[in-house]
Amino acid sequence: QKKKAVDLFLVFVRYGLYFGPLVFEDLAMKHKDLLTFILLALILIFAFGLRRDAFWLPHWKGDQSHYAALAMKLDKQGLDGYSLREVRLGVKIIPQDPKIELIFCRPAVPGDEGDILRVLKIVGQGYYDEPLHYRAPLFSYVLMLSHRLFAGREEFYASCVSNLGEKVRSIKPEIVLRAQFWAAVVPIFLNLCVIAMTFWFGWRFFGSRIGLWAAFLMATNPVSIMLSYRLLVEDLLTFFILLSAGLYLIFWKKKNYWGIFAAGIAAGLAILSKQTAGLFLAAVWMYTFLTLRKEKSSITNIFDLRFIVFAAVAFLVSGFWFWKVYSILGNPLHTPGSVNAGFSEDMTGWFRTVSQRPPPILFFSLGVVFLSPLFAFAFLTLPKIGREQEGVRLMLWCWILPYFIFATEAWQILELSAGQEHRFFYMAYPAIAILAALGMDPIR
């Protein structure tokens, strides 16, 4: 009887393996939208699981402290006080095992240099002592709103500076969660939004399967995971670029100027997140020019009215910031490191690390595939550029090109030895993920 039971079980397994996929495919066709939603939700839950430790990890190292301090200054003094001057720091030790160290910032006495600038000058970064910080302010506004929402009108902007390492999973100190929830929730939320927006872009132009593959590639990408742990602007910038690219592709062919207007607003918000979003305008112009050139070869392709409206709206949204930078610092594209030789000096271990990395052309071209090997499938889509009706593949490659050129050449032009970080190319990662999904699809 035991043998008969085993034989019967094997029969069920055999027929299950044969008919199971057919039944699943039939159910998938009948309930495609529901299944897509469930799979997307599972990807987002999986992505959150890889990122949840950010609630207990430090959010004060490097540029993160700048963004937190700038958010505090915006909260207390508005855009007129948007600088690293007059910032007072304090440290509180929590007597637990291991000891937890919290740092907080608040306004210093008017006219005081401030603790942040004192520390920066000690390590050779005194060039941040300027009346207006050069970074675009949108991300700091997001942090300010998060602090008001989750920390109320509390004076202190607090964060953890103690890295508990792997112990964080077992300890999970509640005081750290309460103190810095306002900060930690921002990068995690924005990171998940980029994954969801990557799905939307792939689903809208290539179908749900491509969207799900692209979202999964972004969810497992090490650079994406790293950014979810830190107060850095790249996810906010990438979200608005994705939104702008999708809206422009949808409404450009339809000649719907309201849709193009919305795409321009999204591009302007991307520029207000970080000035390098202006490179995306070059990508959109390149796509527009090459698409029109296939239809008719004319000098007027350079001045397509739809693109002009798109770019004009983007500059109208972000123009006030460039005017403010120009009126105070004398250059709308001011970058303090570009006029300070001290930036290239060996100041900290991190700058020493990035200065010893391979040449940028190798670092970014090979490094992207090294970190996410499946990204290599994107190259399989190159022969099909321009063959599709909407030219979405063309847009994706046009999107990648300016950021690749910027990442591999910009630092040499500015004569900076430090700056080779994978996050500088992150804005193109959603495009690479979608192209990789397209390359993987025929051999799934």
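Me: Over how many bridges do β1 and β2 pair?
Reply: This is a predicted model. In it, β1 and strand β2 (residues 100-107) run in the antiparallel sense where they pair. The number of bridges is 8.

Me: Which residue in β2 is the bridge partner of L89?
Reply: β1 spans 87-94, and β2 spans residues 100-107. L89 has its bridge partner in β2. That partner is C105.

Me: Which strands stand at the edges of the sheet?
Reply: The open sheet has 3 strands in the order β1-β2-β3, with antiparallel pairing. An edge strand has a single partner strand, so one side of it is left without a neighbour in the sheet. The edge strands are β1 (87-94) and β3 (157-160).

Me: By how many degrees are neighbouring strands of this sheet turned against each other on average?
Reply: The strands in question follow the order β1-β2-β3. Direction is ignored for this angle. The average is 25 degrees.

Me: At about what angle does helix α7 run to β3?
Reply: Helix α3 (residues 63-77) lies across β1, β2 and β3, at about 40 degrees to β2. Helix α7 (residues 174-206) also lies across β1, β2 and β3. Its angle to β3 is about 125 degrees.

Me: Is α10 roughly parallel or roughly antiparallel to α11?
Reply: The axes of α10 (residues 234-254) and α11 (residues 257-273) come within 8 Å. They cross at roughly 160 degrees. Angles over 145 count as roughly antiparallel. So α10 is, relative to α11, roughly antiparallel.

Me: Is the crossing of α10 and α11 left-handed or right-handed, and how many nonpolar residues does the contact have?
Reply: The crossing is left-handed. Residues making the contact include L236, F240 and W252 of α10, and I260, A263 and L269 of α11. By class, the contact has no charged residues and 3 polar ones. The nonpolar count is 16.

Me: Is N221 buried or exposed?
Reply: N221 is found in the loop between α8 (208-219) and α9 (222-228). Beyond its neighbours within four places in sequence, N221 is in contact with S372, F375 and Y429. Its relative accessible area is 0%. Buried means under 20%, so N221 is buried.

Me: How far apart in space are S224 and N191, C-alpha to C-alpha?
Reply: S224 is found in helix α9 and is buried, with a relative accessible area of 0%. Leaving aside neighbours within four places in sequence, S224 is in contact with R51, N191, M218 and Y426. S224 and N191 are 33 residues apart in sequence. In space, the C-alpha to C-alpha distance is 7.1 Å.

Terms used
Residues numbered from 1 in each chain as written. Predicted model: local features only at pLDDT ≥ 70, side-chain atom pairs only at ≥ 80, totals over all residues. Heavy atoms only, no water. Helix = DSSP H or I, 4+ residues; strand = E, 2+ residues; numbered from the N terminus. Buried < 20%, exposed > 50% of the residue type's maximum accessible area, 1.4 Å probe, protein only. Contact = heavy atoms within 4.5 Å. Axes fitted to C-alpha atoms, helices over the stretch in contact; angles between N-to-C directions. Parallel < 35°, antiparallel > 145°, perpendicular 65-115°, else oblique. Left-handed = near helix turned anticlockwise from the far one by under 90°. Nonpolar A, V, L, I, M, F, W, Y, C, P; charged D, E, K, R; others polar. Pairing = 2+ DSSP bridges.
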